[in-house]
Amino acid sequence: MATLRLNALRKTYPNGVTALHGADLEIADGELIVVVGPSGCGKSTLLRMLAGLESISDGELAIDGRRVNDLEPAERDIAMVFQNYALYPHMSVADNMGYALKNRGVPKAERRRRVEETARLIGLEDLLDRRPKQLSGGQRQRVAMGRAIVREPRVFLFDEPLSNLDAKLRVQMRLEIRRLQKRLGVTAVYVTHDQVEAMTLADRLVVMNGGRIEQVGTPMHLYARPASRFVAGFIGSPAMNFLNARLDARLGGDILTLPCGTRLASPIPASGEAKTVCLGIRPEHLAVVPEGDVIDGDLSVRVELVEPLGADTLVHARLDGQDDLVVARIDGIRAVAEGDSLTLRPDPGRLHLFDPETGQRLAPMEPECQHSTCPA
Amino acid sequence: MRYRRRGLDIASHALLILALIAFCLPVWLAITAATHDQASLYTGTAPLWFGSEGLGNFRAVLTEPVGRLGTDVTRLLLNSTVMALGIAVGKIAIAILAAYAIVFFRFPLRRLCFWLIFITLMLPVEVRIMPTYKVAADLGLLNSYVGLILPLIASATATFLFRQFYLTVPPELLEAARVDGAGPWRFLRDILLPLSKTNIAALFVIMFLYGWNQYLWPLLITTESDHMTIVVSLKRLLSSADNLVPWQTVMATALLAMLPPVAVIVLMQRYFVKGLVDAEK
């Protein structure tokens, strides 16, 4: 149980490449933080710096208020779950789990008791004498978890622990990790590139891009109020649609004009002269409008591709007379075929505007909310 | 066997049997000859069956000083065993540590160290035998076990093999061990050594045979019979200029010289098989 404080944490490799450009983050006791981002964004580097496997070039890392920059991994009292599990192949499950305790000089009887207790907690009692190679992927994953839990560390670090499992097992283990972490109340940092995993697990999400932290917040906050175009495109599946639009002031309200000529009421006031903005609409915020009910501001599109998912159907469609493709998530029972003409209506309360150059959100940012129940 | 043809079967079996005879006949002759007395060996025909002496010749060479050697074969076997074990164990220990340093530690001139070790692969013992002899003589190592073992104790081949094996160990294993609080020695002892068990067994066999079969170096460095090895003595037994060669003694000694390597291979083979069946990766 611990709090973590990252203060302008930086990583520059000897060859001059900077993998992390100063990360600031406060992690509360018992919180599950998920760090998410595309490959090469520095999220693994960040985690390995927390673990002590990579040195810290600059800045400060503190666990429970104590600076740990120069401590060995073992001295930081952290436990890490690796992507390929990194189980010791020649040791039994019990020895794998008890190795850290053995190195700390915990007596054999005590070690045994703790290993057995942890094994019961995660359902490994019957496998304690097996070798890792005699286990299935999911069981190995469990052993890796058990090895971390048995030490009762102050912080859990997870490095994409589920990416080697099949889809079904992944969902199951995801729930289990969440349940265990809450039950044990241990602070955890979890790195993944899977945004679904990130959304479902996180107390707070950290979205990284190009060695920088783009945004920190609860999953729902990031979904509803992405701070940048990058975050908007990364969080949510399928990804948000982006269209260029012109924002200008008109009598009777500020207007967004799409290249196809469609006009929408702007969610933010125009300032001064007209300018180009990037309009973001999530696929789930585009609704199909029945024929004859079309009003100003609806998008008429031609369907190019239909992906039925069961409950929903993803419709990839082209705006009339334009090259822009949009994706809409519509009800699965609605029959749509390729080549159909449809009218889509954006939810006016859920439009996102971004600066086309900087990618920053062009709306007043509410103060960051701390609860996953925060209103969208 | 996917292709079963009678002609092929007969031909391959004939070849197999021929090879077996070519290999086994000398050994068989050595065994039978070792059980004869000298007189019956000089009748002009090689005996294909056991003679009158039984195990008497073996008992004799093991307990009494043999001919011109001035010592018994027990002593020679002991010398050879000490040398072969010393070389095998020493080579493996040094190679493990050297490879461990080269693969898992970052230190200045690391690459250079590796290449220097690698280059010595190209220098067989015989090439550097004179300078080595000079150094050993100056250090007073003639006629000693240290002198027999030390100059042959480092092995670039073994270092290279261990390096290649260590490079295949996933780096996460080291990281997991670090997180689990294992320092460098613990990682070596608890993780790396158990993982290299089969490599160690294989190298032990090879290096033991290498040590046991050394001829030139023991010949140079030992001048007295109490440190002579059995392989060197065998040659010496044959070179009796003015006497009849005591073939029954030579054969008995040769057979005894074969036993330890055979024993090592038979014993270690069980580890190979275990390692193959129980492959831990």
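Author: What follows takes a helix pair and then a domain interface in chain B. This is a predicted model, where local features need pLDDT of at least 70, side-chain atom pairs count only at pLDDT 80 or more, and totals for chains, interfaces and linings use all residues. Residues are numbered from 1 along each chain as written, chains are lettered from A and ligands numbered from 1 in written order, and side-chain values use heavy atoms, without hydrogens and water.

Reader: Why is H4(B) called oblique to H13(B)?

Author: Helix H4 (residues 73–104) of chain B packs on helix H13 (residues 230–238) of chain B at about 140°, axes 8 Å apart. Under 35 degrees is roughly parallel, over 145 roughly antiparallel, 65 to 115 roughly perpendicular and the rest oblique, so H4(B) is oblique to H13(B).

Reader: What makes the contact between them, with heavy atoms within 4.5 Å?

Author: Val73(B), Leu76(B), Leu77(B) and Ser80(B) of H4(B) meet Ile230(B), Val231(B) and Ser233(B) of H13(B). Five of the contact residues are nonpolar, two polar and none charged.

Reader: And which domains does chain B have?

Author: Domain 1 (6–63) and domain 2 (75–277), bounds that come from an automatic or database domain assignment. Their centres, over C-alpha atoms, are 32 Å apart.

Reader: How much area do domain 1 and domain 2 of chain B bury between them?

Author: About 1100 Å², 79% of it on carbon and sulfur atoms; that is accessible area (1.4 Å probe) lost on being put together, summed over both. On the domain 1 side, Gln38(B), Tyr42(B) and Val61(B) lose the most, together 41% of what that side buries.

Note on methods: Axes fitted to C-alpha atoms, helices over the stretch in contact; angles between N-to-C directions. Helix = DSSP H or I, 4+ residues; strand = E, 2+ residues; numbered from the N terminus. Contact = heavy atoms within 4.5 Å. Nonpolar A, V, L, I, M, F, W, Y, C, P; charged D, E, K, R; others polar. Buried area = accessible area lost by both parts, 1.4 Å probe.
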